[in-house]
Amino acid sequence: MDHKRYFFEKFGITERLLERCLGEALSAGGDYSDLYFESVASTSLGLDESIVKSASQGVSAGCGIRVVSGERTGYAYTDDLSADRLLRAARTAALIASGPAQQPVHAFTETSSPSLYPAPAADLDTDLSARLDLITRADHAARRYDQRVTQVRSSYADELRRILIAASDGTFASDAQPLARMSVFVVAKDGDRIARGSSGGGGRVEIGYFTGAKGPEFFAAEAARTAILQLAAVPAPAGEMEVVLGPGWPGVLLHEAVGHGLEADFNRKKTSAFAGLIGRQVASSKVTVVDNGRMALRRGSLNVDDEGSSTQETILIEGGILKGYLSDKLSARLMGIPSTGNGRRESYQQIPMPRMTNTYMLPGEDSPEDILRSVKRGLYAVNFGGGSVDITSGKFVFSASEAYLIEDGKVTAPVRDATLIGNGPEALKHVSMVGNDLALDEGIGTCGKEGQSVPVAVGMPTVKLDRMTVGGTR
Amino acid sequence: MAETSIDLRDLASGLVAQSLQAGASDAEVTIREGDEFSTSVRLGEVETLKQSGSRGVGLRVLLRADNGYRVASTSSSDLAPDGIERLIRGAIALAHIASVDPFAGLAEPGEFGQISGDLRLCHDDVYSLPTEERIAWARRAEAAAMAADPRLVNSDGAGFDAATGRRIFANSRGFLGEYRSSYCSIAASPIARDVSGEMQRDYWWSQARAFRDLESPESVGQEAARRTLRLLGARRVATQQAPIVFAPEVARGIVGAIFDAAAGDAIYRGASIFAGKLGETVAAPSVTVIDDGTIPGGFGTSPFDAEGLPSRRTVIVEHGVLRSYILNTYAARKLGMKSTANAGRGLAGNPFLDSGNLFLEAGAPSAEEILHGVDRGLYVTRLMGQGVNLVTGDYSRGAAGLWIENGEFAFPVQEITIAGNLKDMLRNISAIGSDLKFRSATAAPTLRIDGMTVAGE
């Protein structure tokens, strides 16, 4: 798709100006320069106590200019897209190098890219009533679910991000990336017991997505069901035990346990617990993990990454063996490895770095029922709040928001919130069964790294880990 | 300092007036402008150098109805006249689809105001160092860390950052205020490796509003090294109940949870362990928690909050008794109370609740005395994950630190969790250290909490 015209027409950008800025950026001797233009329009509506309490829209536009000189990066950005300001930002970024210009700006070649998500039909500020309808229906559905539901908040947020990337190596790419998400938060009360539940979903989709099976009624029922369930939850167990993770969002385990540790920047610097483990066994032979930026409509998908590179499916772990890293241009060049199209950034104000897209484990052959039946005493965790990792020590956590005890092969009482902890390079070695029921999450994931947030997806089939530490109280 | 081609104060008051002309019953305008500089070095070499400025404007309009207001907001990075025009049209159109909220509306006329006098929030000296010197500061911090011990073999880098910002707020009740703030920081994050190949990383930092108040790069680097080295050789411990001593940098999280539990929006929703508990004992008698937005030079200080109310000091918990919720105008109306001037806001959206300088008052014993009093327990220096459910109080987080035997550090621990319920944890605070120091806007001394579960092997 040709999204460059948007920037050319709206901001008066020309190919000549792009070349001048890139040349100015290399004027002090940098090896490489790139420009990242971004224009974002966002809308957010929130229903609380059954009335529309919040409605907001925002627009922002800017350009980030990067100059790379060896391992050094100079960066400057501006929210004023006039030629003067762009050239001045280019000169600021250029200061990372010192000397005469050495590299030319190559002629632009447009990156060929797929169409993984709908291109914008019109400006976003159409059809607010359809969005209102969604959050109103969610509110009704959650309250109808059970009389013990006392508070409901529902929200709908979407944005359209347009980007244009031009680089001195001739890279030229543009894209328009929709992103929508609906969320429902419920509080339930029964006597003096109180609990919360939340649910949500979306992706690189437009509002029509929510008129399908994954609509407001689905998410509302999920949030209400979780809250009601938690009213009867017992204290979570404490200590090492067998853990079964359900399909979908529990794939956050992979994101934390291995995903971050395989981002190339950490491995180039040898600050990751996975550094130097390529070709080594880091998981049980049943485990194959991929990162795939090329899935239709998924929250982590990208037609091109934020450096204008093509995205792809990258095998991280195959049959338990560590196969590769997720790279951006800088780490690919410095490490002499292929670029996997994983250079991403939160906005034009940020320097890109290797990030995940949609990360998931391929399905195995076990049935979920067999997996649960095989557990004597353990935890069955089907939903999580989020997680984090220390990539150097390899220790990671993720917090269960819906989990049950497993006793003699049967799923029994729901347990209260508990954090699970493990060691990235070791945890997946304890995977003894992999289900045939791969699912990706509903489209709610946001990943943070060095202060930058980007949308991602995770996925997993039902998986059994022979041991993992559960952070309960008894 | 940021360069300004249009007078932003005029822009703010003009935008309020234009919004009223366009049909708004009330309007609030926020303008933010800022500059940032950051540099990072790694293994002695410059890694990044970033330098830029940006600004943005946010408008919130209110349309009066029979029994309340409809409210909506818009934001933009485009401050040119046609961008401003779109901002106003968009906000008013959006407000028409919002519901009438009987509790919405600006604060009462007598409530607006700001603290007079110099709050010492902005110091131009944060930009006084030339770029080469800033890089040198980061290098010195990293070098000091790496030189501390031969096991410090790698580095996640060190950095020097500086920023200045300006915030302007105007509303249709005649409030117009602005303040500038500055900030600089230095940080180092070394990596240690032992003979087994195991790696540990920790970091330390210093931040200040004035460059002259920044700690030396050497002291930051040495402290980062000490923190990293003490985790080497960490192992797990058996699952058990044990007293837990929270180091100040992790005890801050407990103070943050107290603030969140006292936040008025969670209270009126009944979604907090503190709902309906005003005047009741919620913590040990030694616990006093204060939010104070008025401390000169403080990281959480401002002359007025995001609704134009003068910042103030609020005692949240006094000797264990819950004394006040944390409120902005909306939450206060919902609860039939007065705002505690804790409104925060982004460029778009409704005001939320934000802390000023938030702290738990220091006690008498030193951190060493507290540690010496523990026969067998855990000293936590690092926590992982969110892990606090404020609706139920359930608390469960990943942890690392040092195991205590007979009042002395025995060995480092990691890959364990600590869990309990915040309601019990606050009552079971059995020692509060004398070591309260503001390294950022939220501060806590060393805390000992009994009765929690450590989960490990």
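Two residues are in contact here if their C-beta atoms, placed from the backbone, lie within 7 Å. With that in hand, welcome to a predicted model in which 37 residues of domain 1 of chain A are in contact with 27 residues of domain 2 of chain A. Chains A and B also touch each other, with 63 residues of chain A and 61 residues of chain B taking part. Below is a short tour, from the chain contact to the domains and then the sheets.

**Where chain A meets chain B**

- On the chain A side of the contact with chain B, strand β2 (residues 51-69) is the top contributor, giving 12 residues.
- Sorted by class, the side of chain A that touches chain B holds 28 polar, 22 nonpolar and 13 charged residues.
- Strand pairing also crosses between the chains: β2(A) runs parallel to strand β3 (residues 68-76) of chain B, and four bridges link the two.
- To find this pairing in the structure, look for A:Ser56, whose bridge partner in β3(B) is B:Ser73.

**The two domains of chain A**

- Chain A is assigned a domain 1 that covers 4-231 and a domain 2 that covers 238-471.
- Between the C-alpha centres of domain 1 of chain A and domain 2 of chain A there are 23 Å.
- On the side of domain 1 of chain A that touches domain 2 of chain A, the elements giving two or more residues include β1 (32-48), β5 (149-167) and α5 (216-231) of chain A.
- β6(A) gives the largest share of that side of domain 1 of chain A, namely six residues.
- The class count for the side of domain 1 of chain A that touches domain 2 of chain A is 16 nonpolar, 13 polar and eight charged residues.

**The two domains of chain B**

- In chain B, the assignment places domain 1 at 8-228 and domain 2 at 234-457.
- The C-alpha centres of domain 1 of chain B and domain 2 of chain B are 24 Å apart.
- Their contact involves 28 residues from domain 1 of chain B and 24 residues from domain 2 of chain B.
- At least two residues each on the domain 1 side come from several strands of chain B, among them β1 (26-42), β2 (45-65) and β4 (152-171).
- β3(B) supplies the most to the side of domain 1 of chain B that touches domain 2 of chain B, with four residues; β3(B) is also the strand that pairs with β2(A).
- That side of domain 1 of chain B splits into 13 nonpolar, 11 polar and four charged residues.

**An open sheet in chain A**

- Six strands of chain A make an open sheet with mixed pairing, in the order β11-β10-β9-β14-β23-β20.
- β11 (321-322) and β20 (439-440) of chain A are the edge strands; each has a single partner strand, so one side of each has no neighbour in the sheet.
- Within this sheet, strand β9 (residues 289-292) and strand β10 (residues 313-318) of chain A run antiparallel and are joined by four bridges.
- A:Asn292 has A:Glu313 as its bridge partner in β10(A).

**An open sheet in chain B**

- Chain B has an open sheet of five strands, ordered β11-β10-β9-β14-β19, and its pairing is mixed.
- The edges are held by β11 (321-322) and β19 (442-443) of chain B, each with a single partner strand, so one side of each is left without a neighbour in the sheet.
- Strand β14 (residues 357-360) of chain B pairs with β19(B) in the parallel sense over two bridges.

Key: Residues are numbered from 1 along each chain as its sequence is written. Chains are lettered from A and ligands numbered from 1 in the order in which they are written. This is a predicted model: local features need pLDDT of at least 70, side-chain atom pairs count only at pLDDT 80 or more; totals for chains, interfaces and linings use all residues. Ala, Val, Leu, Ile, Met, Phe, Trp, Tyr, Cys and Pro count as nonpolar, Asp, Glu, Lys and Arg as charged, and the others, Gly among them, as polar. Two strands pair if DSSP finds at least two bridges between them. Domain bounds come from an automatic or database domain assignment.
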